[in-house]
Amino acid sequence: MMICLPTLIFATICTIALTAIFAASQPTPNLKPLWGVNYGPRRNTPPTACPSLASIQADIALLSNLTARVKTFHLIDPDTAPGVTCRTAEAVLTAVAESGASGLRVWLGMALDGSEARFESELRELVRLARTGPAMFGAVEAVIVGSETLFRGELTVPRLTAYLARTHIGGPTYAEPLIDAVDVVMINLYPFWESFNVKDASAYQERIWREIGARSKGKTVVLGEIGWPTAGETMGAAVPSLGNLRFLLAEWRCKAAQKQIPYFWFEFTDESWKPNFHSVERHWGLFDERRITKVGQDPLRPC
């Protein structure tokens, strides 16, 4: 999650340019209500334990009814206790492979924090997963490197570009600027944090998508995170509420489908385990933590 000032709207400042390495020749056609959904499998699991495969399989069953693709945030969970290793990406790919949801594709996030150790750990895990072959890794449509690391000041553009080159295993070597180093430009965009009224959010998202597209040198621009919270403090004209989430969801998904704007909705469920440094952080889910829908069926009806 990030908070952006209204004037900071460019991909390498307020939001973040990422990379996506396509494992398929073309992205999966979208016939589900949402183009994509951000997914974190951690429920109220204590940091000394990992989410069970059974719980992830149940989530995948729900997600496969909503979308053709899910986006994760890390390969190995960075929020566990010392000595505990949760291989989140492997668990998600296993659940997808065993679910029979053959059309579901995964965009794997690699979580970076500025340290060489974290990058090397995530890269080793990526290579290990890639070597499992198509039975598991065949569901991977893209790999995302370093979400919001520029925004948080953890990495410089040259250093992130070097990481991107190393992540393209067997692929070309890329040079600066950063946009030249990626296959797909991804930006995280939150009208809520920029104090927009929800009625203006869809138009704003489309405008920024087009502005970034004009600078992307012909590369696809994906909105990596968009959404609206349902509880917590207001941000100017931005009011968190269930009604506003439903409004934006219904309006945006039809606009995006009509104008062919790729996006990942943030997020699948509420997450009460998150640090509550801002009161809305735990309340962005389409489902609550019991996996009961918050939005119902009306916002997801055919456009």
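Among contacts in the chain (heavy atoms within 4.5 Å) between residues at least 6 apart in sequence, 73% join residues at least 24 apart. The model is predicted: local features need pLDDT of at least 70, side-chain atom pairs count only at pLDDT 80 or more, and totals for chains, interfaces and linings use all residues. Residues are numbered from 1 along each chain as its sequence is written, and side-chain values use heavy atoms, with hydrogens and water left out.

The chain contains seven helices and seven strands, taken as DSSP runs numbered from the N terminus (helices H or I, at least four residues; strands E, at least two). Along the sequence these elements follow the pattern β-α-β-α-β-α-α-β-α-β-α-β-α-β. Of the 303 residues, 52% are buried; buried denotes under 20% relative accessible area, exposed over 50%, and partly exposed the range in between (1.4 Å probe, protein chains only). The chain exposes about 12,500 Å², of which carbon and sulfur atoms supply 56%.

The expected span is 1.5 Å times one less than the number of residues in the helix. The buried residues in α2 are T88, A89, A91, V92, L93, T94, A95 and V96. Their cover includes α1, β3, α3, α4 and β4. G100, which follows α2, has a positive phi near 80°.

Helix α3 (residues 116-130) has 15 residues and reaches 21 Å from its first C-alpha to its last, close to the 21 Å expected. F119, E122, L123, E125, L126 and L129 are the buried residues of α3. Viewed down the axis of α3, these buried residues fall within an arc of 160°, so they line one face of the helix; the arc is that of the directions from the helix axis to the C-beta atoms. An α-helix has 3.6 residues a turn, so residues three or four places apart point the same way. On the face of α3 turned away from the buried side lie the exposed residues A117 and R124.

In α7, the buried residues are N244, L245, L248, L249, W252, R253, K255 and A256. Elements covering them include α6 (201-214), β6 (221-226) and β7. Just after α7, Q260 adopts a positive phi of about 55°.

Two disulfides are present in the structure, a disulfide being a pair of cysteine sulfur atoms within 2.5 Å. One of them joins C50 to C86, with an S to S distance of 2.0 Å. The torsion about the S-S bond of C50 and C86 is about -95°, so this disulfide is left-handed. Because C50 lies in the loop between β1 (37-38) and α1 (53-66) and C86 in the loop between β2 (69-71) and α2, the pair ties together parts that are 36 residues apart in sequence. C50 is partly exposed at a relative accessible area of 34%, whereas C86 is buried at 3%.

The sulfur atoms of C254 and C303 are 2.0 Å apart and form a disulfide. This link of C254 and C303 is left-handed, with -90° about the S-S bond. C254 is partly exposed at 25% relative accessibility, and C303 is exposed with a relative accessible area of 63%.

The segment after β7 (263-265) also holds R291. R291 is buried, its relative accessible area being 11%. Its side chain makes a polar contact with the side chain of D59 at 2.9 Å; a polar contact is a pair of N or O atoms within 3.5 Å, where within protein one must be able to donate a hydrogen and the other to accept it, and residues adjacent in sequence count only if both atoms are side-chain atoms. The side chain of R291 also reaches the backbone oxygen of E289 at 3.2 Å. Leaving aside residues up to four places away in sequence, R291 touches P41, R43, D59, L62, F268 and T269.

Notes: Areas by Shrake-Rupley, 256 points an atom, 1.4 Å probe, with all protein chains shown as cover.
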